[in-house]
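User: Please walk me through how this fold is put together, one feature at a time.

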Amino acid sequence: MCEDERVDTRGQKPEECQGVGVCDKSSVGENTSDIVMPMMAREASSLIYNASDLLMMSEALHEARRAYALDEVPIGCIITHGGKIIARAANERTTRGNALYHAEILAIDQACKAIGDWRLEDCRLYVTIEPCPMCAGAIIQARIPVVVYGAKNPKAGCAGSILNILEEPRFNHQAKVIPGVLEDECAGLMREFFQRFR
């Protein structure tokens, strides 16, 4: 795995991401040949993320591009366990004609099957766009402790944009939210997709 170099973005210039380029790609699943890692970490709303988060979000972006190729809203998700990808999914709502087939829901289903339990307490979820209410609820139900997302979802986001279901203290479980990882790339793919319909 990547060196665990932390990138502190609290009001400081982003430091060079030392972990980039020293990754064991065999530990992150297939399709790593398309990964283009930035040499500078981006600001993530005053939170800290590391080189591994950048790499995993690149994998989620690969899934989002797959959704784009299917004429789906380009959202991709991966779930890791012990630093390895155990689930990957793209949005397939239109392809399958089912409102439930969001990338996060499909990835959670795969991850539960991969570890043989509905509790994903030692997992980390990466998604290119801030989760909607349905997906945020599923994340809480699956007990996923950390959610890393790329771009905000101002119309349906439930990790802080409209509501913050993931960090709601009245629930019996919360997830730490790390926003803004590869934000420009994630938001750009969404803009490109919706510009085709204007």
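**Strands and helices**

User: How many bridges join strand β3 (residues 76-81) to β4?
Analyst: β3 and β4 run antiparallel; strands are DSSP runs of E with at least two residues and helices runs of H or I with at least four, numbered from the N terminus. This is a predicted model, where local features need pLDDT of at least 70, side-chain atom pairs count only at 80 or more, and totals for chains, interfaces and linings use all residues. Residues are numbered from 1 along each chain as its sequence is written, and side-chain values use heavy atoms, leaving out hydrogens and water. The bridges joining β3 to β4 number six.

User: Which residue in β4 is the bridge partner of C77?
Analyst: Strands pair through backbone hydrogen bonds, parallel or antiparallel, and two strands count as paired if DSSP finds at least two bridges between them. In β4, C77 is bridged to A89.

User: What is the phi of G82 in the turn of the hairpin?
Analyst: β3 and β4 make up the hairpin, with two residues between them. G82 sits in that turn, and its phi is positive, at about 65 degrees.

User: Which strands are at the edges of the sheet?
Analyst: The sheet is open, has five strands with mixed pairing, and goes β4-β3-β5-β6-β7. Its twist averages 20 degrees from one strand to the next. Each edge strand pairs on one side only, and these are β4 (84-90) and β7 (176-178).

User: How many of the seven residues of β4 are buried?
Analyst: Buried means under 20% relative accessible area, exposed over 50%, and partly exposed in between (1.4 Å probe, protein chains only). β4 is largely enclosed by the rest of the structure, because its buried residues number five.

User: At what angle do α3 and α4 cross?
Analyst: Here the axes are lines fitted to C-alpha atoms over the stretch in contact, with angles from 0 to 180 degrees between N-to-C directions. Those of α3 (residues 103-115) and α4 (residues 133-141) come within 9 Å. The two helices are therefore roughly parallel, a label for angles under 35 degrees. Their crossing is roughly 20 degrees.

User: Which residues in α4 meet E104, I105 and I108?
Analyst: Contact means heavy atoms within 4.5 Å. From α3 come E104, I105 and I108, and facing them in α4 are M134, C135, A138 and I139.

User: What is the relative accessible area of I105?
Analyst: I105 belongs to α3 and touches L100, M134, C135 and A138, leaving aside residues up to four places away in sequence. Its C-alpha lies 9.5 Å from that of A136, 31 residues apart in sequence. I105 is partly exposed, with a relative accessible area of 23%.

Methods:
Parallel < 35°, antiparallel > 145°, perpendicular 65-115°, else oblique.
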